[in-house]
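This report looks at the strand pairing and the aromatic contacts of one protein model. The sequence and structure are shown first.

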Amino acid sequence: MKAFDFLNVPDNNGITMVMDKGLPPSYIDDYLKVCGEYITFVKFGWGTSAVQDKEIVKEKIKIYKKHNIKAYAGGTLFELCHSKGLYDEYLKECKELGFGCIEISDGSMELSKEDRKNAIRKAKQNGFIVLSEVGKKSIEEDSKLTTEDRINIINEDLRAGSDFVIIEGRESGKSIGLFDEKGNLKDKEFKKILEYIDTNKIIFEAPNKNQQVEFILSIGSDVNLGNIAYEEVISLKTLRTGLRGDTFGKI
């Protein structure tokens, strides 16, 4: 039973994806007792899992599974392995470690449409949940993608078998994807995405509170949000349920 249970706080989570940048197992185990029920996916950021002991990675994944959280390695690690011709080895290692999902991205490299499609399909054939990501890590390279480009990539990924498509926002939430240099949502681009894409299949990276608020008020409290800081999971839950001033009385 929750504290203040008489308020009947609604259970309207939506997908929440958080980033694990190398947290210790003991911390994870304690922290998830507080907020584990509000997390859907956890990403072992970029290549961080490749510099941790294999047994520790396995232990962490088991802890996440205990809380019904699906774990996966970051897209940059996929990109490195794919660029070296080691994608099969990558899938095998992910399975042995216990990862249940695969992220397919080309944020730091170029991946042809055919290679991207094949990577998604092969991951699905190997039993993984697939999350593909649209966008570039470089501000200059990302700015070359039009809204139409992003819409086309999203639809192509979904047709290829992606379960969800992540729209890149990076940790800063500035000058990338749907955000301008101040971290504000680009209204015109955002509305166009909403017009042509089923948002149930989209995870919007939204590391900053103002972005989370705007997505919640625009789409609904069950909007899928990613790149949420570990310490912000409870905060996001209160935003989703109108328990914080930014959304109080608005949802």
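## A β-α-β unit and its strands

Strand β4, helix α5 (residues 113–125) and strand β5 make a right-handed β-α-β unit, right-handed meaning that, with the strands pointing away from the viewer, the path from the first strand over the helix to the second runs clockwise. Helices (H or I, at least four residues) and strands (E, at least two) are DSSP runs, numbered from the N terminus. The model is predicted, so local features need pLDDT of at least 70 and side-chain atom pairs count only at pLDDT 80 or more, while totals for chains, interfaces and linings use all residues. Residues are numbered from 1 along each chain as its sequence is written, and side-chain values use heavy atoms, with hydrogens and water left out.

β4 (residues 101–104) pairs with β5 in the parallel sense over four bridges, pairing requiring at least two DSSP bridges between the strands; L131 in β5 is the bridge partner of E103. β5 also pairs in the parallel sense with β6 (residues 164–167), over four bridges, and V134 stands opposite I167 in β6. Five of the six residues of β5 (residues 129–134) are buried, that is, under 20% relative accessible area with a 1.4 Å probe and protein chains only.

## Aromatic pairs

The whole structure holds 15 aromatic pairs, counted where ring centres of Phe, Tyr and Trp (its six-membered ring) lie within 6.5 Å, with planes under 30 degrees apart stacked, over 60 edge-to-face and the rest tilted. F78 and Y87 form an edge-to-face pair, 5.4 Å centre to centre with 80° between the planes; F78 is buried at 0% relative accessible area, and Y87 is buried at 8%.

Conventions
Buried means under 20% relative accessible area, exposed over 50%, partly exposed in between (1.4 Å probe, protein chains only).
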